[in-house]
Amino acid sequence: MKVAEKLEVIKLKVEEACRKSGRSAADVKIIAVTKYVTTERAKEALDAGVSHLGENRDEGLLEKWQVLGNKPVWHFIGSLQTRKVKSVIDKLDYIHSLDRLSLADEINKRTSSKIKCLVQVNVSGESSKHGLSPNEVVGFIERLADFPNIRVDGLMTMAPFTNDENQLRKCFITLRELRDKVQKCKFDHAPCHELSMGMSNDFSIAVEEGATMVRIGTALVGEDEQEV
Ligand SMILES: *Cc1c(COP(=O)(O)O)cnc(C)c1O
């Protein structure tokens, strides 16, 4: 299926989830996760009207950036090694995977202007997942005030790999409540309005629970070129 058709399906589902929860679809950014696909396919997504692209590795980002430049809004969604920051930082609009002070320090050093970061939270507690545990988040964000180039725009999580709707919903609610808690702190460096949650299999539930950014790979651009 063409990306344009898949995009229509996803938009309808986002609208439906917004209707159910009394939200506006304009408040949900759809990020096409292009990590599995070619630059050509990423370009097809842009032509179809997607304006946000997400990559989880520096190689994938740099390869696509060479061709697409800063036309899309670029999101880095994967775990970011400190030594890789230098090569990607000036290409990115958002980093979704801030999870340690050493990374914040490096980001802060390598950028000359403020960069929007999301703090990654491991809500489900699975050991395979990156991110802070929920009870560490407020203290961590408080300490990010030491890094003037870091602005905490929100929180990000990856839900557990399950089809259990209740478990998924619980995870998204936890992240939303945590976001609200951070907002109540009114840190100057952490407006924290974004909630990056929801992927191909669970984005409808995530939107119902307040996602402002959904990260969709498989359902939008496919897993690989063969699918085209
Ligand atoms: C790959 C990936 C996605 C997209 O996953 P799909 O299930 O293909 O939609 C979203 N977020 C992160 C962090 C990812 O690594």
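Predicted model: local features only at pLDDT ≥ 70, side-chain atom pairs only at ≥ 80, totals over all residues.
Two strands pair if DSSP finds at least two bridges between them.

**Entry 1: paired strands**

With the rule in hand, I looked up strand β5 (residues 115-121) and β6, and they pair in the parallel sense over 7 bridges.

**Entry 2: Ser-196**

I found Ser-196 in strand β7 (residues 194-196). Is Ser-196 buried or exposed? Its relative accessible area is 0%, so I put it down as buried. Leaving out residues up to four places away in sequence, I listed what Ser-196 touches: His-96, Leu-118, Leu-155, Met-156, Thr-157, Leu-175, Met-213 and Arg-215.

Which residues of helix α2 (residues 39-48) are buried? I wrote down Thr-39, Arg-41, Ala-42, Ala-45 and Leu-46. They cover an arc of only 160° around the axis, so they sit on the same side of α2. On the other side of α2 I found Glu-40 and Asp-47, which are exposed.

What do the buried residues of α2 pack against? My list reads α1 (3-21), β1 (29-33), β2 (52-55), α3 (58-68) and α9 (218-221). After α2 comes Gly-49, and I noted its positive phi, near 115°.

**Entry 3: Asp-58**

I moved on to helix α3, where Asp-58 has its place. Asp-58 has 12% relative accessibility. Buried means under 20%, so Asp-58 counts as buried. I saw a polar contact of 3.5 Å between the side chains of Asp-58 and Lys-84. Setting aside neighbours within four places in sequence, Asp-58 is in contact with Phe-76, Lys-84, Ser-87 and Val-88.

**Entry 4: around the ligand**

I listed some of the residues that surround the ligand, among them Val-33, Lys-35, Ile-77, Met-156, Met-199 and Gly-217. Tyr-36, Arg-215 and Thr-218 are also in that group, and I looked at each of them.

- Tyr-36 has a side-chain N or O atom 3.3 Å from an oxygen atom of the ligand.
- Arg-215 has a polar side-chain atom 2.9 Å from a nitrogen atom of the ligand.
- Thr-218 has a polar side-chain atom 2.5 Å from an oxygen atom of the ligand.

On its own the ligand has 390 Å² of accessible area, and the protein covers 92% of that.

Most residues other than glycine have a negative phi. With that in mind, I stopped at Lys-186, which is not glycine and has a positive phi near 50°. Cys-192 is likewise not glycine and has a positive phi near 50°.

Where is Lys-186? I found Lys-186 in the loop between α7 (165-185) and β7, and Cys-192 has its place in the loop between α7 and β7. Lys-186 counts as exposed because its relative accessibility is 68%. Cys-192, at 0% relative accessibility, counts as buried.

Methods
Residues numbered from 1 in each chain as written. Heavy atoms only, no water. Buried < 20%, exposed > 50% of the residue type's maximum accessible area, 1.4 Å probe, protein only. Helix = DSSP H or I, 4+ residues; strand = E, 2+ residues; numbered from the N terminus. Arc of directions from axis to C-beta. Contact = heavy atoms within 4.5 Å. Near = heavy atom within 4 Å. Polar contact = N/O pair within 3.5 Å; in protein donor to acceptor, adjacent residues only side chain to side chain. Areas by Shrake-Rupley, 256 points an atom, 1.4 Å probe, with all protein chains shown as cover.
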